[in-house]
Amino acid sequence: MAQLVELRSIDVVPDEERHGTAFSQFTLWLGANLQITAVVTGALAVVFGGDVVGSAAGLLLGNLLGGAVMALHSAQGPRLGLPQMIQSRAQFGVRGAVVPLLLVIVMYVGFFASGSVLAGQAVGELTHTGDTTGIIVFAAVTAVMATAGYRVIHALGKVAGTVCALAFGYLAVRLLDRADVSALLHDAHFSLPLFLLAVSLSASWQLAFGPYVADYSRYLPRTTSTKATFWWTLSGSALGAQFSMTFGVLVAATAGEEFLDSQVGYVVGLGGTGLVASFFYFVIALGKLTVNVLNTYGGFMSLVTSVSGFRGQRRLSRAGRAAYIGLVMAAGTAVALLGKDSFLSSFKDFLLFLLTFFTPWSAINLADYYLVAKERYDLAALADPHGRYGAWRWDALAVYAAGLLAQLPFLATGFYTGPLVDPLGGADVSWIVGLSVPALLYWLLARRRAVAVPTADAGAGPSADEPAGFLG
């Protein structure tokens, strides 16, 4: 059991503790995407007016584009042995990284809440206790799994990926038996704005994994191929998400109001009644458990990273770990209980809102890692506000702000629509602007203030147990 419970948090993983293969990224991200919230995300493309073919095609494009960005982040893990958001200190400064970190924490809480709403429905039905009790029970189980850490999370992903693939495959067959597929395919009313909405929905889904994806590849051996990590991550995440979202498209196109009234209830009803229904309620809860554990673990990492930037925290006790995880759980559960009755109407805007804030961060992080630093960082300096990367990098934060502002004219959400949305036929292309503008600006900035990086391999710095090493 001692080997299952993770002891490290945001410190560097030394070579002697590295293990596994890049294929582990496929099983983890397949399991994280074969779940009910991905189904709902795909359904939104139809709920808001898209046709089946255009919606499925748009979702596929978004999953591939957003998934590629997410997989580039994943490939950083084996190289550096660090959690994802620690790397932001190289771009924004040891303390300046708290700016995107705070937004990341909001993301984790929001996804924890949205996942808990749907899983709570399943647990409530399974235990005959109701949605509220189901949300609370599910949140508590999530916190326990997240506290165990890395090995347990990967084991959960393997189990959930296998079980959910079989279960959703069966549900898809049952759905196709009910649906007039020919009529759905011929009911084409392609609209470019709605196609781009589908692209944005799935791209935002994938990009939202970016701030924590390297957390789950950082224990891989340093010799792990960058290409292998990239392709296994992309294939698992894109395949799982596209299957779930296409299933959601077909469900929304065939079920209409019946699905809108009870997303979990309708999907389970496809499988059957009685014990069969109970099994599918369990499957839905299992699929959501996987991704909610990721969200809780990522929130814990981000909170510790934020605090350590100001306190110089080097180690974290088990009690401290449990406290941070409990805080994320409590916040996410509170939001879930408050928003459980208006879930579907608010989820689309939440996804697109996240996309606005995380595309500039992804652009800056990837431009710095692959184009500027050439995959090499001074690990010790990432913990020193007086070191190479400084406490605050105001120029990089200004680029991040510029990336946010550049998106506003193109943004279309329920609470704000930019002036260039109507001329584009209502299409939201803000995420494309949010990736390209800050990446270019940061690259130009880096050329002016080029920071020399040691020629030694990034991971060849001091180990996590040496006094001069990163957070150790």
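These are numbered comments on a predicted model of a single protein chain.

1. Overall fold. The protein chain holds 18 helices and zero strands. Its C-alpha trace spans about 65 × 55 × 40 Å along the principal axes. The radius of gyration is 22 Å. A compact globule of 472 residues would have a value near 23 Å, so the chain agrees with that expectation.

2. Burial and contacts. Of the 472 residues, 59% count as buried. Take the contacts between residues at least 6 apart in sequence: 86% of them join residues at least 24 apart.

3. Surface and charge. The accessible surface comes to about 17,300 Å². Carbon and sulfur atoms account for 67% of that surface. The chain carries 27 positive and 27 negative side chains. The centres of these two sets lie 12 Å apart.

4. Helix H13. This helix covers residues 263-271 and is mostly covered, with seven of its nine residues buried. Which residues of H13 are buried? They are Gln263, Val264, Tyr266, Val267, Val268, Leu270 and Gly271. An α-helix has 3.6 residues a turn, so residues three or four places apart point the same way. After H13 comes Gly272, with a positive phi near 145 degrees.

5. Thr224. This residue sits in the loop between helix H10 (192-207) and helix H11 (226-255). Is Thr224 buried or exposed? Thr224 is buried, because its relative accessible area is 15% and the cut-off for burial is under 20%. A polar atom of the Thr224 side chain lies 2.7 Å from the backbone oxygen of Pro221. Leaving aside neighbours within four places in sequence, Thr224 is in contact with Ala22, Pro78 and Thr229.

6. Gly403. Helix H17 (residues 394-407) contains Gly403. Its relative accessibility is 0%, so Gly403 counts as buried. What does Gly403 touch, not counting residues up to four places away in sequence? The answer is Pro360, Gly434 and Pro438. The pairing with Pro438 can also be given as a distance. Gly403 and Pro438 are 35 residues apart in sequence, with 5.0 Å from C-alpha to C-alpha.

7. Leu338. Look for this residue in helix H15, which runs over residues 318-339. Leu338 is exposed, because its relative accessible area is 76% and exposed means over 50%. How far apart in space are Leu338 and Val117? Their C-alpha atoms are 9.9 Å apart, while 221 residues separate them in sequence.

8. Positive phi at His128. Most residues other than glycine have a negative phi. His128 is not a glycine, yet its phi is positive, at about 60 degrees. The residue lies in the loop between helix H6 (98-127) and helix H7 (131-148). With a relative accessible area of 73%, His128 is exposed.

9. Positive phi at Glu375. Here too the residue is other than glycine, and phi is positive, near 70 degrees. Glu375 is placed in the loop between helix H16 (343-372) and H17.

Note on methods: Residues are numbered from 1 along each chain as its sequence is written. This is a predicted model: local features need pLDDT of at least 70, side-chain atom pairs count only at pLDDT 80 or more; totals for chains, interfaces and linings use all residues. Side-chain values use heavy atoms; hydrogens and water are left out. Helices (H or I, at least four residues) and strands (E, at least two) are DSSP runs, numbered from the N terminus. The radius of gyration is taken over C-alpha atoms; the globule rule is 2.2 Å times the number of residues to the power 0.38. Buried means under 20% relative accessible area, exposed over 50%, partly exposed in between (1.4 Å probe, protein chains only). Contact means heavy atoms within 4.5 Å. Accessible areas come from the Shrake-Rupley method with a 1.4 Å probe; for residues, only the protein chains shown count as cover. Lys and Arg count as positive and Asp and Glu as negative; His and the chain ends are not counted. The place of a charge is taken as NZ of Lys, CZ of Arg, CG of Asp or CD of Glu. A polar contact is a pair of N or O atoms within 3.5 Å; within protein, one must be able to donate a hydrogen and the other to accept it, and residues adjacent in sequence count only if both atoms are side-chain atoms.
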